[in-house]
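User: I want to learn how to read a helical protein model. Please take me through it feature by feature.

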Amino acid sequence: LQADGDSGGEALFWRLRLASETESALAVIRDLEGRDDLPQSARESLAVEESQIHFATGRYQEALAPLELLIDEAGDRLPGRVSLMAGLCYLALDKIQKSRQSFANVVSEDSAYPWARFYLGRIALDGGDPNLALRYFESAENSPLGERRHTYGAASQSQEPMMARTSPYSA
């Protein structure tokens, strides 16, 4: 978040990371979003961060808002982490088709690809299409970018509802 040798962005970033309360973190995000000198990648990171905070507290529509601004600007040319988070928000809001579309927008060269394929598999499985689900799970597991390959198989065997695992944060 450093721009033209200015360490102010970096200081704000660390304030965000060290914020112990949700509202403090959101205030820091608002401070950062107000900067004109932030590169697009930093804006995307802030949107995902804000989305994760709202998602973790069960405010799914609020979680989607900063991501939809990016989607409106860039369409399907977004980094996978943005599409992945948007897909999770749509899924939590029971907008299955939009969720499916967001996950499908993640390209195979993106590090979010295995997770996007995993969630597409869960949607297919929950929709009663185990053959399609298996193809998605296999593409997630066989992805060279899959850092946690063992997780997909274990998660796909679970009988726990899908939304119980969509956020690493607790509400």
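Analyst: Start with one residue. G80 has 1% relative accessibility, so G80 counts as buried. Buried means under 20% relative accessible area, exposed means over 50%, and partly exposed lies in between (1.4 Å probe, protein chains only). G80 lies in helix α5. Helices (H or I, at least four residues) and strands (E, at least two) are DSSP runs, numbered from the N terminus.

User: Which residues is G80 in contact with, leaving aside its neighbours within four places in sequence?

Analyst: Contact means heavy atoms within 4.5 Å. By that rule, G80 is in contact with V106, D110 and A112. G80 and D110 are 30 residues apart in sequence, yet their C-alpha atoms are 5.9 Å apart in space. W115 is 35 residues from G80 along the chain, with a C-alpha separation of 9.6 Å.

User: What ground rules apply to the model?

Analyst: This is a predicted model: local features need pLDDT of at least 70, side-chain atom pairs count only at pLDDT 80 or more, and totals for chains, interfaces and linings use all residues. Residues are numbered from 1 along each chain as its sequence is written, and side-chain values use heavy atoms, with hydrogens and water left out.

User: What is the mean pLDDT of the protein?

Analyst: pLDDT is the predictor's confidence in each residue, from 0 to 100. The mean pLDDT is 77, and 68% of the residues reach 70 or more. Over residues 149-154 the pLDDT is below 50, and this stretch has 11 contacts beyond near neighbours in sequence. Residues 156-171 also stay under 50. For residues 156-171 the model has 31 contacts beyond four places in sequence.

User: How many helices and strands does the protein have?

Analyst: Nine helices and zero strands. Buried residues make up 40% of the 171 residues. Take the contacts between residues at least 6 apart in sequence: 51% of them join residues at least 24 apart.

User: How do I read a helix pair?

Analyst: Two packed helices are described by the angle between their axes and the distance between the axes. Axes are lines fitted to C-alpha atoms, for helices over the stretch in contact, and angles run from 0 to 180 degrees between N-to-C directions. Now the case of α5 and α7. Their axes come within 10 Å and cross at roughly 20 degrees. Angles under 35 degrees count as roughly parallel, over 145 as roughly antiparallel, 65 to 115 as roughly perpendicular and the rest as oblique. So α5 and α7 are roughly parallel.

User: Which residues of α5 and α7 make the contact?

Analyst: L84, L88 and L91 of α5, with W115, A116, Y119 and I123 of α7. By class, this contact has seven nonpolar, no polar and no charged residues. Ala, Val, Leu, Ile, Met, Phe, Trp, Tyr, Cys and Pro count as nonpolar, Asp, Glu, Lys and Arg as charged, and the others, Gly among them, as polar. At 24% relative accessibility, W115 counts as partly exposed.

User: At what angle do α3 and α5 pack?

Analyst: At about 25 degrees, with axes 10 Å apart. Therefore α3 and α5 are roughly parallel. S41, E44, S45, V48, S51, Q52 and F55 in α3 meet R81, V82, M85, L88, C89 and A92 in α5. That contact has seven nonpolar, four polar and two charged residues.

User: Are α7 and α8 roughly parallel or antiparallel?

Analyst: Helices α7 (residues 113-126) and α8 (residues 130-142) pack at about 170 degrees, with axes 8 Å apart. They are therefore roughly antiparallel. The contact includes F118, L120 and L125 of α7 and L132, Y136 and F137 of α8. Its residues divide into 12 nonpolar, two polar and two charged.

User: Where does D94 lie?

Analyst: In the loop between α5 (80-92) and α6 (96-104). D94 has a positive phi of about 60 degrees although it is not a glycine. At 60% relative accessibility, D94 counts as exposed.
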